[in-house]
Amino acid sequence: MILNKRIIRELKENWVRYGALAFLIIFSLGLVVSMAGSTDVVNYTIDKNNKKNQLEDGEFSVYVPLTENQQLELEKMGAKTEAAFYVDLPSLEKSVLRVFKNRNNINTIALEEGRLADQIGEIVLEKHYAENHGIRVGQSIEVGQKNYQVTGIGTVPDYSNVVQNVSDVLADLNQFSIGFVAEAEFNQLLAGDTNVEYNYSYKLDGNLTTSELKEKLVDLDFDKTKVANKYMNEIINTIEKGKNDLSGGVNDLADGTQKLTNGTSSLKQGSNELADGASSLANGTDQLSSGLEELTNSNATLNKAAADIFQGMIAQANSEFENIGIPVTVTGDNYSSVIDSLIKTIDGSDANAVIALKTMKAQLDSYKAFKDGLRAYTNGVESAYSGSVELSAGADGLYQGSEDLANGVNTLSNGSAELNRGMGEFKSQISNFINDNMDYQYVNLITFLEAGDNQRITSCKSDAAINKNSALIAGVIIIALIAYMISVFVIHTIDKESAVIGALYSMGYVKKELLRHFMILPILIVTASAMLGTVLGFALIGENIKENVAYYSYPGYSMVFPPYLLIYGVLLPILIALLVNYMVINNKLSLAPLKLLRREKKQHQLANIDLKEMGFINRYRIRQLLREIRGNITMFFGLFIAILLMVFGFSIYGSISAYVNNVASDVEYNYLYLLKYPMETAPNDATKAYTESLTADLYLTGGEMDVTIQGIDDENSYFDFPLDGEKNEVIISDSVANKFGYKVGDEITLSDNLEDRNYNFRVKEVVNFASGLYIFMDIKDMRELFGQEDYYYNTLMSDQELDIEVGRIATVITVNKMVAAARQMFTMMYGLVITILGASVLLFAIVMYLLVKMMIDKSTFSISLIKVFGYNEREIKKLYLGTTFYTVALSTLIAIPVSKMIINQIYPYMVSNVSAGMNATMAPQSYLIMVAIILSVYAIVNYLVGRHLKKISLVEILKERE
Amino acid sequence: MFIEVTDIKKSYGEGGSYVQVLKGVTTGIEKGQICAILGPSGSGKSTLLNTIGGLDTIDSGSIKISNIEITKLNAKELSLYRRNYLGFIFQFYNLVPNLTVKENIQVCEYLTKKPLDINEMLEILGLTEHQKKFPSQLSGGQQQRCAIARALIKNPELLLCDEPTGALDYQASREILMLIEKINKKFGTTMLIVTHNTAIKEMVHRVIKIKDGQISEDYANKVLKPASQLEW
């Protein structure tokens with residue numbers, strides 16, 4: 001069709017416009033295809049490598065290495081295992097090198113250079129580590145205070161993301177990596193160091209499921225006497241000690257009760273005898289009392305008789321005195337003094353008298369003594385009698401008491417005999433209990449991790465997948481926008497040549513022919529651009545993949561050209577262009593020929609809006625804006641997408657900045673030690689805590705992610721939130737809240753995949769803690785929850801480095817490492833951020849320039865007319881370019897907040913594979929920078945279009961006919 | 001009769017803006033005749049031309065061109081009708097701006113299986129030396145000649161001309177009218193010319209005057225004046 005000759009001429013006449021559109025398509029598709037393509041290349045390379053090097057289906061670690069029989073048993077069941085033991089050793093520049101022995105069947109090493117180590121003193125290094133430290137094959141490296149010769153450089157499929165711990169947020173390729181030595185060398189290392197992780201990789205052959213394997217591993221017994229690890233032995237001894245203590249204690253208790261029984265038996269006998277004795281005593285005292293009573297009854301008679309006798313003697317003495325003519329009278333009271341007086345008086349003159357007096361006195365003394373004595377005796381008898389009465393009463397009481405005592409002791413004896421019998425049963429039951437419950441089947445399994453949950457294996461592909469999906473979606477949106485823009489330009493052409501088209505209809509052209517004709521140019525542009533863009537995209541894969549290759553560890557990539565990407569890159573844009581242009585152009589060409597001839601345009605109701613008493617300049621501008629409403633709306637959406645991309649770029653940057661700052665500010669401690677084998681007594685300058693790792697469902701991807709649950713107490717100076725509350729209440733970090741969508745009051749469930757247990761918690765509070773994914777609870781509650789002892793801890797936090805035996809440590813986390821890892825994100829994402837921002841500015845500028853220029857072109861007649869009227873350039877710019885400002889301002893005002901809302905929603909998905917919660921954050925100055933960029937681009941476009949405006953001559957009005 | 005128009009009525013608008021442009025027009029034109037349709041602005045002459053050309057519909061009545069009742073044709077059939085039978089010439093030429101003179105003519109050459117010889121057409125219309133020029137490089141008269149050549153290349157049975165000299169100066173207008181006369185004689189093309197220029201009525205076979213949507217005069221010229229002798 002001869003009409004088609006105008007296509008090339010149309011293209012030449014408007015090469016700037018179509019060139020810019022083509023450039024946009026090529027650039028956009030180039031970016032999208034390179035991003036998606038690099039993902040496919042990564043996936044292909046990883047999958048190929050995984051297959052070639054026999055990637056594991058999972059791995060597990062144990063306290064005691066499996067025996068050969070156990071491994072054979074597992075293999076027979078359907079799980080082939082291979083030892084992947086390792087030791088972490090210090091190496092260059094304070095880095096840590098995880099040293100394995102060479103692998104044979106699973107996760108084999110893919111060498112890029114050199115050969116495997118086969119002698120003592122040789123090592124193969126992971127490629128990034130070697131590169132970063134400038135080590136080449138043939139050079140030497142110190143590892144664990146020993147020099148090794150590097151024989152090769154390579155990678156392994158189970159460490160494509162070379163993180164020290166599976167829960168680490170990012171790898172630090174300078175500070176941690178892996179190396180492989182010969183078996184002989186590794187055995188030497190084993191002998192020298194007890195801090196070995198007994199790790200196994202496994203592959204299933206289809207006869208055994210993962211959960212069956214795990215169950216089997218849990219059931220596997222091990223000989224605890226063969227535990228080489230001294231720290232593990234400590235734990236075993238502690239556990240066994242408890243059991244022994246219990247057993248010994250029960251035995252002692254049994255012995256004690258036996259002795260008690262024997263004792264009470266003797267006591268019983270004794271008390272019976274005592275009772276008998278007391279009975280005899282009671283009888284005796286009764287008899288004594290009776291006897292004494294009889295004696296007492298005779299007391300008066302005896303005393304009277306004695307008194308009479310003494311009185312008789314006194315009387316006799318008086319009589320004798322009277323006889324001898326001594327005129328004295330003695331009485332019982334004075335005889336002694338009288339006689340003494342007489343003796344004194346006589347004194348030597350009458351010895352016989354003296355003798356007689358003395359004899360008398362003596363006789364009287366003796367009778368008095370007898371009388372007094374008898375009195376005393378009778379008094380004594382009386383007292384004795386009283387006493388015996390009391391004694392008898394007391395003896396009765398004693399007898400009663402001893403009877404009671406005997407009864408009581410009897411009861412006691414019987415009771416202790418029963419106690420003894422019961423003790424025997426108790427001992428027997430304790431014995432059974434110990435046998436049943438404390439005969440520890442030590443679970444050998446420490447960790448169990450499927451390949452699909454292992455960040456070391458999966459994060460490379462999942463990271464790339466997110467970029468790919470985002471790029472593909474963005475690509476469709478941008479292509480649709482560009483296709484629509486092209487259709488707008490085609491419409492502009494149709495409008496311009498409306499009468500010509502009407503004339504062609506008049507001549508007999510049918511709509512189909514004209515539709516086909518007008519679609520050729522946009523389809524040609526899109527086809528050519530799409531092809532070029534796709535080619536460019538594939539060519540840029542190498543550039544795009546650099547960051548991925550520099551971060552993840554896998555062999556050199558192999559290019560692939562997936563068919564879907566060719567379809568996406570070439571066919572999809574064509575289809576979109578076909579569809580969009582067909583719809584728009586078909587609609588335009590459906591006007592009646594007469595209307596086309598008359599250049600009748602559809603007047604939107606908006607165009608007739610009553611602007612009341614508005615000033616002329618504004619009224620003119622608004623009418624102009626409404627007249628070009630299609631172009632303005634297209635520009636609005638074009639700018640919206642550009643601003644969306646800009647917001648996205650700034651959000652990535654802001655998000656990473658905020659993360660780095662928060663990691664530094666939220667973490668108060670400088671060192672965190674996770675202990676495999678905690679000491680009984682923690683260092684004084686460290687704070688104890690308890691850490692466990694569980695998993696939570698990640699709604700964003702439908703998978704799971706590890707979270708760290710940390711038990712702390714109120715005295716922990718590194719955290720300042722209160723821990724009082726219910727037992728199952730937890731305090732979650734903002735990182736966790738962000739990642740999993742948890743809020744205060746939510747009931748959450750975390751899983752222990754190793755134990756196949758779920759734990760339910762209630763969220764009490766959300767606190768700032770950016771590093772990793774942490775949940776905090778009271779350490780006492782946590783110990784109880786996990787069945788640990790009251791004093792148990794496995795984590796130490798401190799300000800200074802602690803002196804802890806290396807063998808006890810699982811891992812050491814320092815704030816500096818965390819910040820360094822976080823900063824690594826900048827390095828990884830910097831290129832992407834710049835690309836996105838660059839693309840957004842380009843899109844913004846091109847969309848604005850093309851559409852504004854088109855709108856100016858459409859108004860050539862009126863511009864020429866008002867130039868004829870006498871309007872100067874400044875005034876014309878004000879009238880025609882002022883409307884652009886409205887559109888730009890409106891799109892900026894709406895697009896920035898709306899874009900931010902959109903990015904806020906999709907950003908968590910884009911970082912779903914990162915073990916940290918990151919919000920799409922934009923620093924306030926980013927908004928200012930964005931507005932500055934927008935205004936600058938607007939100013940430049942304004943200037944360029946202004947120059948075009950200047951060129952519109954006054955004679956256009958004479959040539960053009962409306 | 002080659003063209004038979006029977007009591008056609010045509011109106012536009014509704015309510016307050018309702019206008020009846022044709023109020024029952026009946027006429028007929030023989031094959032090979034040149035017919036001028038004259039009348040003041042708004043009289044309905046262009047409407048009559050457009051309805052005969054199938055570019056506009058009528059409210060009632062009948063239009064037959066070579067015994068084809070065109071009012072009963074659908075859009076596709078009308079396109080075919082125009083392709084096979086009609087040629088159009090407009091006041092403002094409506095040439096494709098980025099095609100050359102020859103290419104503009106070839107645009108309609110494409111529509112027919114039996115076009116006239118393009119070089120002869122260029123010759124007849126005095127465009128041979130201008131054939132590689134673009135419309136913007138031509139004068140008004142040259143552009144109109146190009147438009148005429150475009151319309152004629154497919155050898156239409158009926159040529160509809162809407163103010164063919166309206167945008168031209170006197171000399172160019174005379175030249176166009178002389179061409180129209182020449183083509184009519186050479187190819188026997190039936191022509192309908194809508195014009196304000198009353199001088200044309202002397203060179204045509206039939207004159208139809210329309211006033212207020214109705215034919216006020218409809219007569220045949222017994223003696224035709226050559227276009228070269230027309231004065232206005």
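The following legends describe close-up views of a predicted model.

**Figure 1. The interface between chain A and chain B.** The contact draws 25 residues from chain A and 28 residues from chain B. Interface size is often expressed as the accessible area lost when the parts come together. Between chain A and chain B, about 2,300 Å² is buried, and carbon and sulfur atoms give 62% of this area. On the side of chain A, the residues that lose the most area to chain B are A:Ile2, A:Arg9 and A:Met507, which together make up 28% of what that side buries.

**Figure 2. Salt bridges and polar contacts across the interface.** The rule finds three salt bridges across the interface of chain A and chain B. A salt bridge joins A:Arg9 to B:Glu103, with the closest N and O atoms 2.4 Å apart. Across the interface of chain A and chain B there are also ten residue pairs in polar contact, both residues of each pair being at pLDDT 80 or more. Three helices of chain A, namely H1 (5-13), H11 (498-507) and H15 (593-597), each supply at least two residues of the side that touches chain B. Of the side of chain A that touches chain B, H11(A) gives the most, with seven residues. Sorted by class, the side of chain A that touches chain B comprises 14 nonpolar, two polar and nine charged residues.

Figure 3. Is A:Asp495 buried or exposed? The relative accessibility of A:Asp495 is 15%. Buried means under 20% relative accessible area, so A:Asp495 counts as buried. When residues up to four places away in sequence are not counted, A:Asp495 touches A:Lys588 and A:Lys858.

**Figure 4. An open sheet of four strands in chain B**. The strands of this sheet in chain B follow the order S2-S1-S4-S5, and their pairing is antiparallel. Strand S2 (19-29) and strand S5 (68-69) of chain B stand at the edges; each has a single partner strand, so one side of each is left without a neighbour in the sheet. Strand S4 of chain B, residues 60-65, pairs with S5(B) in the antiparallel sense over two bridges. Opposite B:Ile65 stands B:Ile68, a residue of S5(B).

**Figure 5. Strand S17 of chain A and its pairing with S15(A) and S16(A)**. Strand S17 of chain A spans residues 757-767 and pairs with strand S15 (residues 729-733) of chain A in the parallel sense over five bridges. Within S17(A), A:Glu765 is the bridge partner of A:Ile731. Strand S16 (residues 747-752) of chain A also pairs with S17(A), here in the antiparallel sense and over six bridges. The bridge partner of A:Ser751 in S17(A) is A:Asn758. The hairpin of S16(A) and S17(A) has four residues between the strands, and in this hairpin A:Asp756 takes a positive phi near 55°.

**Figure 6. A:Ser91 in a loop of chain A**. The loop that holds A:Ser91 runs between strand S3 (86-90) and strand S4 (96-101) of chain A. With a relative accessible area of 12%, A:Ser91 is buried. The side chains of A:Ser91 and A:Tyr129 are joined by a polar contact of 3.3 Å. Apart from its neighbours within four places in sequence, A:Ser91 is in contact with A:Leu97, A:Tyr129, A:Ile141, A:Glu142 and A:Val143.

Key:
Residues numbered from 1 in each chain as written. Chains lettered and ligands numbered in written order. Predicted model: local features only at pLDDT ≥ 70, side-chain atom pairs only at ≥ 80, totals over all residues. Heavy atoms only, no water. Contact = heavy atoms within 4.5 Å. Buried area = accessible area lost by both parts, 1.4 Å probe. Salt bridge = Lys/Arg side-chain N within 4 Å of Asp/Glu carboxyl O. Polar contact = N/O pair within 3.5 Å; in protein donor to acceptor, adjacent residues only side chain to side chain. Nonpolar A, V, L, I, M, F, W, Y, C, P; charged D, E, K, R; others polar. Buried < 20%, exposed > 50% of the residue type's maximum accessible area, 1.4 Å probe, protein only. Pairing = 2+ DSSP bridges.
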